[in-house]
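Student: I'd like to know where the words in a description of a structure come from. Could we go through them together, one at a time?
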Amino acid sequence: MSAAAAVAPPLCTWIVAACLSATCGADEKEKKRSYGGGGGGGLFGTRRHLAARRRGGARSGMPIAVSLHPERGAVESKKPDTKQRRVVVTGMGVVTPLGHEPDEFYNNLLQGVSGISEIEAFDCSSYPTRIAGEIKSFSTDGWVAPKLAKRMDKFMQYLIVAGKKALENGGITEDIMNDLDKSRCGVLIGSAMGGMKVFSDAIEALRVSYRKMNPFCVPFATTNMGSAILAMDLGWMGPNYSISTACATSNFCILNAANHIIRGESELMLCGGSDAPIIPIGLGGFVACRALSQRNSDPTKASRPWDMDRDGFVMGEGAGVLLLEELEHAKQRGAEIYAEFLGGSFTCDAYHMTEPHPEGKGVILCVENALADAGVTKEDINYVNAHATSTQMGDLKEFEALVRCFGENPQLRVNSTKSMTGHLLGAAGGIEAVAAIQAMRTGWIHPNINLDNPEKNMDVSLLVGSQKERCDVKVALSNSFGFGGHNSSILFAPFK
């Protein structure tokens, strides 16, 4: 069974079709008035310089004919040669507490700016934790149709905006989009928590009557629907699904997306993660786990990986998306290449739901397998963007595993983006991959803020200090680990 089949059960497909047929049909006239039918902005509000919309349209529930590519036959008989297929990064999109453009985001990281503040989205005065990496200013205008944006959970809004920004950042103009073979373009953007707010609201509505429930509550709560709607918007018919492996989600999606390109199944893949957990049920759930920092009086000091005074992680929200592309395809369209994806690995601790393995076996195996997959040695790695979330056990065990793997490498530099963004859960690996790539592009790696009192018996010489540092990054390793013992490591290098 394919990965896509495994995560897209027929029930979900039936529910989506039923909901869309029942509800969208009633909105057809309004949609045409607002968005000019099948042209212009389209149902999903695509910007004009992005995907050209398919002209015309069919009523909901009616079959339509789709032209995949003007010069492509219905069946491709020759399997592409995958021996030399290399994967490069040609676009990046972010929605974060520190900015919604890759350069703005990374410049704030280099300056040591914290995105942690008091929560304003709802009244949390009765909670022991009242701080988060909350996005204060965000708009879907020009990216998502207003009616659809109103129905969507924020994780979907973040996902679609970050995905389209990655395309824009990657130079995918309307003309280029028209020329793409859309059957070989895919979307693989996951989420750890999915549409929690949509589902929570549905439960509250159900207390009154099922008639009060949003008919989109089920499909819009599932983690796969963000990737699906973005693909519908773009007309991309290649691999499309989501992966949900808690905080390791983005890395899993990025590695699987790269593998689709390597195997010759696609030429371009949008991949990464998105989450919007800063709602009462999200905050309350992590408070119940006793996992969150309670440093409410000094929010910017709350996330402090590897510091003796850390008291838990800080929730964050947002999305991070990469545009991965097959090298020759990127060259042919004259794309700017930001970095090369070298490889990666997944493993499982098989130990505990939330606690890391005491000997770090799963992490060590993951890093070693990633190096082998990428064809690099431990001496080649001189920068690690660590998972380090500011938890007591997690930070220490990851660092011990890194020392086991790279202890004899005096050039190694290690930092944690979460000291400034908080923990974006399923989106964490996405924005941290962007940070690693930006380090290569700029020659600077960002600081670890709030590392005032490092853990004893740690080799602090490996850790970046409170100021940014010059670094000619040769190969960067980005780690993400999730509840359930999911471990993931991916590697990037400057393109040569």
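Student: What makes the crossing of α13 and α14 right-handed?

Tutor: This is a predicted model, where local features need pLDDT of at least 70, side-chain atom pairs count only at pLDDT 80 or more, and totals for chains, interfaces and linings use all residues. Residues are numbered from 1 along each chain as its sequence is written, and side-chain values use heavy atoms, with hydrogens and water left out. Now the handedness: a crossing is right-handed if the near helix is turned clockwise from the far one by less than a right angle, and left-handed if anticlockwise. The crossing of α13 and α14 is right-handed, so by that rule the turn is clockwise.

Student: Why is α13 called oblique to α14?

Tutor: Helix α13 (residues 361-374) packs against α14 at about 40 degrees, and the axes are 9 Å apart. Angles under 35 degrees count as roughly parallel, over 145 as roughly antiparallel, 65 to 115 as roughly perpendicular, and the rest as oblique. The angle of about 40 degrees falls in "the rest", so α13 is oblique to α14. The axes are lines fitted to C-alpha atoms, for helices over the stretch in contact, and angles run from 0 to 180 degrees between N-to-C directions.

Student: Which residues make that contact?

Tutor: From α13 come V363, I364, V367 and L371, and from α14 come A401, R404, C405 and F406. Contact here means heavy atoms within 4.5 Å. Sorted by class, that gives seven nonpolar, no polar and one charged. For the classes, Ala, Val, Leu, Ile, Met, Phe, Trp, Tyr, Cys and Pro are nonpolar, Asp, Glu, Lys and Arg are charged, and the others, Gly among them, are polar.

Student: What makes α6 oblique to α9?

Tutor: Helix α6 (residues 154-169) and helix α9 (residues 225-234) meet at about 45 degrees, with axes 9 Å apart. That angle makes the pair oblique, and their crossing is right-handed. In α6 the contact involves M156, L159, I160, G163, K164 and L167, while α9 brings M225, G226, S227, I229, L230, D233 and L234. By class, this contact has eight nonpolar, three polar and two charged residues.

Student: How do you know that H423 is buried?

Tutor: Buried means under 20% relative accessible area, exposed over 50%, and partly exposed in between (1.4 Å probe, protein chains only). H423 has 3%, so H423 is buried. H423 sits in the loop between α15 (418-421) and α16 (428-442). Leaving out residues up to four places away in sequence, H423 touches C247, F313, V314, M315, G316, H387, T389, K418 and A428.

Student: And why does T140 count as buried?

Tutor: T140 comes to 12% relative accessibility, so T140 goes in the buried group. T140 lies in the loop between β3 (131-132) and α5, and touches A149, Q157 and V161, again not counting residues up to four places away in sequence.

Student: Why is I281 called partly exposed?

Tutor: The relative accessible area of I281 is 48%, so I281 lands in the partly exposed group. I281 belongs to helix α11. Setting aside neighbours within four places in sequence, I281 is in contact with M196 and S200. The C-alpha atoms of I281 and K197 are 8.2 Å apart, although 84 residues separate the two along the chain.

Student: Which residues of α8 are buried, and what do they pack against?

Tutor: In helix α8 (residues 196-206), M196, V198, A202 and A205 are buried. The buried residues of α8 pack against α5 (146-151) and α11 (280-288).

Student: What makes S390 and R290 worth a look?

Tutor: Most residues other than glycine have a negative phi. R290 has a positive phi of about 60 degrees, and S390 has one of about 85 degrees. S390 is found in the loop between β8 (383-385) and α14 (392-406), while R290 lies in the loop between α11 and β6 (318-326).

Student: Are those two buried or exposed?

Tutor: S390 has a relative accessible area of 0%, so S390 is buried. R290 has 79%, so R290 is exposed.

Student: How many helices and strands does the chain have?

Tutor: There are 16 helices and 13 strands. Helices (H or I, at least four residues) and strands (E, at least two) are DSSP runs, numbered from the N terminus. Of the 496 residues, 57% count as buried.
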